[in-house]
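This report goes through a two-chain model, beginning with the contact between the chains. The sequence and structure come first.

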Amino acid sequence: MMAGKTLFDKIWESHLVHEEEGKPSLLYIDLHLVHEVTSPQAFEGLRITGREIRRPDLTFATMDHNVPTTDRSGPISDPISAKQIEALRQNCKDFEITLFGIRINSHSQGIVHVIGPELGLTKPGMTIVCGDSHTSTHGAFGALAFGIGTSEVEHVLATQCLRQNRPKVFEIRVEGERQYGVTAKDIILGIIGHIGTAGATGTVVEYRGEAIEALSMEERMTVCNMSIEGGARAGMIAPDQKTFEYVKDRRYAPKDGNYEKALEHWQTLRTDPDAVFDKSVTLDARKIAPQVSWGTNPGMVTDITSKVPDPGECEDSSKRKSMEQALEYMDLKANTPITDIHVDRVFIGSCTNSRMEDLLEVAKLVKGRKVADGVNAMVVPGSQLVKKKAEEMELHKIFTEAGFEWRESGCSMCLGMNPDILAPGERCASTSNRNFEGRQGKGGRTHLVSPIMAAAAAITGHFVDVRGWEMEKGV
Amino acid sequence: MEKLQKVSGKVAALDRMNVDTDQIIPKQFLKRIERTGFGEFLFFDWKYNDDGTLNEDFELNQTRYADACILLTQENFGSGSSREHAPWAIREAGFRVILAPSFADIFYNNCFKNSILPIVLSKDRTDELFRLVLENEGYSLEVDLVEKSVTGEGISFSFEIDDFKRKVLLEGLDDISQTLELENSIEKYEKLFMNEREWVLPDERKNL
C-alpha cells in the first residue's frame, strides 16, 4: 500500500511541470511577489537578453523596504533609495506588472507579506515566491511559499517556473493550550530556541497540533513568517475554516462559482493520517513563556523569567565562542535577569507583527499608560489598509496618547534600509524577526519579542513579564 | 555564467558560526540597482571601525589573507536574508570557493547562480583545515570540481556535490535558457491547470 501524502507533497506534486532523472524538478509558480530591493537586477537581466515576462498577470509588486514611514508627500530624501524606488516603478510600467506603490495604488501599499494575504492574492494550495526570505509567511494559508535570490526572480519572471530539488518535510507539533500573555511570536521563538537557527535547514516545516490550530490567521502568519529563522525553506499550516473565511471576498479572491470550486480543492489540502514526515518534533504550548532574545541570532532566545545564559556552561567550544561574541556585541553579562535589561527604543512593526490583531493587542495594553521617560517607541503598521482600519478604530490615538509615534506602512526599522535605524549602542525591544548584528543599525542591539512584550517594555523601560498585566477590555 | 572547474589559491579562515547575509553585505549597500559594486562592502561592519579605519581585530583584514580566493568558515554560513548581493559581494571580493560544515539553503542556491562553489565539510575536516590555515601562513588549496577533490599541504580529500549543480558550475550553464527549452511542457501545464485551477488567477471583478 502507498503511504499517505503530506500537505507539502500534495502541493509539490500538483505543480510539477517537468521531471528528469538527475535534475532538479521544474515547478510552476502561481504567484510571484516583487519588491524594490531584490528585483532591479532581474529586470535588467531580462532587458539584456531581450526576454519578456511570461505571466505579468501572476506577478505583483510593491515598494516596502526602502520607503520612508514619515510624510510621503514630498520626494524621498535619500537619492539612492529614490532611484531604486523609481526603478521599480519604471520596471512595472515597462513590463506591465500591477504595482502597489507610494504614489501608484498607494491605498494598498504595504509590506509585501502583509498585502499578499490582505488583498486575497495569497490562497491555499498555491506556490508563491518572492525575492525575500520571509515569503514563508504565506505558508499560513496552506501554500508552499519561499524566498528566492535575484537570479531566481529573473528565472520566474521569464518562465513562471523554478528549478528545485525536493526538500524534506519536517513536522513541528505544538500541543496544549498557551497561557494568557503568550503569543504566536512566543511560540515561534520558542520553537527556534528549541531546534536552533539551522534546525530546519533543507526542510519545509508543517506546523501542526492543538496550539497551532487554535491560532487565528494573522497569528499563523507570525509563526510561518519566522520559519526561515529556523533555517527552513518554508513553513506551512493546513488550511481550515478560518483560512477559507479569511480569503473569501478579498479583492483578488476567487469570485462567484470559482470560490466554491476553489473551496472543494482547498478542503483536500491536509496531510493524510498515514503520511510519514522525514523529521518530527513536539513542543508543549503550556510550557512556553513570553520569549526575549538575548543574542545575535533568533535561536539565542530565552524565557522572560530567565537569565542571560553563561557561555562558561557551554561545552561545545564553537558555540561558546559564538555566545561570547554575541554577549560582547549585545553588551550583556552572563546571568543578568532578563527583566533587568533596559531598552532605549521600541519598534512595533515588520512582516512578523504589524497586522490588525497585533496593533489591537498593543492598544489594549498601552491604553491609559505612558511610555517610560527616555524610551523612544514607534508603531509602524504593515500596510496602508491596516493603517486605515486602525485609524477608523482610533487605535492611533491610543498609541500617540501613550507616547508612541504612529507611522506610514513599510519594513522600517526591521532592517533599517530607510531612515528608521538605531544609533550605535542603542538597545531595542523589537517585534521584528532578526536580531543579527547591525540589523537595525550599525552597533544597534535588538531583542526580539512579541508586540505586547515590546509594548510593556516601552511602558516600564525594561523587559517585564506581560502575563502579570491587565489588558484594557474596552478597546 | 563563468565556468568553474579548478580553483587554486590562498585560504582565508573566518572562524565564526551562523555568519548571516546581513554581515556579509549590510543593508545600506542593497540600494544599488546594478549587479556589481558590492565587493568593497563585503563584511563591511566587521571590516571597518566606526571612524572608517580598518578594524585590525577582524580576521579577514590580516595581510596573510590578502588575495585569498577560498573562504573557510563555520556552520550555517549565509543564514538570514535571501539577498543575492551576498554572493555578488563574495565573488567580487575574489572568492570562488567556500568551505563550511553547513550552509543556509537560499545562500547555497544563490552561489550556483554566481559561479561560486560551496563545499560542505565534516566537522572534523573543518577543524583540521582551520588548524592548517592558522598554523601555516599563506596556506593554499587546490579545489578540483572535475575530480571533486581538495588537495593541499598535509591534506587531500574528496567531496560530495549534487551532479546537476556540479554541471551548472563546470559548464557555466544559464538556467533560464535551459528552462525555456521546456517551453512546451510549461504551456501544456498551463493549459491543464487553467482548466482545473482557474481560481488561482487573481480575480478582481468585485470590490474595486
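## Interface

In this predicted model, 67 residues of chain B are in contact with 87 residues of chain A, contact being heavy atoms within 4.5 Å. The two chains bury about 6,400 Å² between them, 53% of it on carbon and sulfur atoms; buried area is the accessible area (1.4 Å probe) that two parts lose on being put together, summed over both. On the chain B side, the residues that lose the most area to chain A are Lys27(B), Lys31(B) and Trp199(B), together 13% of what that side buries.

## Polar and charged pairs

The rule finds 12 salt bridges across the interface of chain B and chain A, where a salt bridge is a side-chain nitrogen of Lys or Arg within 4 Å of a carboxyl oxygen of Asp or Glu. In one salt bridge, the side chain of Glu183(B) meets that of Arg54(A) at 2.9 Å, N to O.

Between chain B and chain A, 33 residue pairs are in polar contact, both residues at pLDDT 80 or more. A polar contact is a pair of N or O atoms within 3.5 Å; within protein, one must be able to donate a hydrogen and the other to accept it, and residues adjacent in sequence count only if both atoms are side-chain atoms.

Several helices of chain B give two or more residues to the side that touches chain A, among them H1 (21-24), H3 (85-92) and H8 (183-196). Helices (H or I, at least four residues) and strands (E, at least two) are DSSP runs, numbered from the N terminus. H8(B) gives the most, with eight residues.

## Helix H3 of chain B

Six of the eight residues of H3(B) are buried, so this helix is largely enclosed by the rest of the structure. Buried means under 20% relative accessible area (1.4 Å probe, protein chains only). The six are His85(B), Ala86(B), Pro87(B), Trp88(B), Ala89(B) and Ile90(B).

These buried residues pack against helices H2 (40-49) and H5 (150-159) of chain A, and against H1, strand S3 (97-100) and H4 of chain B. Just after H3(B), Gly94(B) has a positive phi of about 105°.

## Chain A

Chain A has 15 helices and 19 strands, and 67% of its 475 residues count as buried. Its C-alpha atoms fill a box of roughly 60 × 55 × 45 Å along the principal axes. Of the contacts in chain A with a separation of 6 or more, 77% are between residues 24 or more positions apart.

## Conventions

Residues are numbered from 1 along each chain as its sequence is written, and chains are lettered from A and ligands numbered from 1 in the order in which they are written. Local features need pLDDT of at least 70, side-chain atom pairs count only at pLDDT 80 or more, and totals for chains, interfaces and linings use all residues, while side-chain values use heavy atoms, with hydrogens and water left out.

Conventions
Buried means under 20% relative accessible area, exposed over 50%, partly exposed in between (1.4 Å probe, protein chains only).
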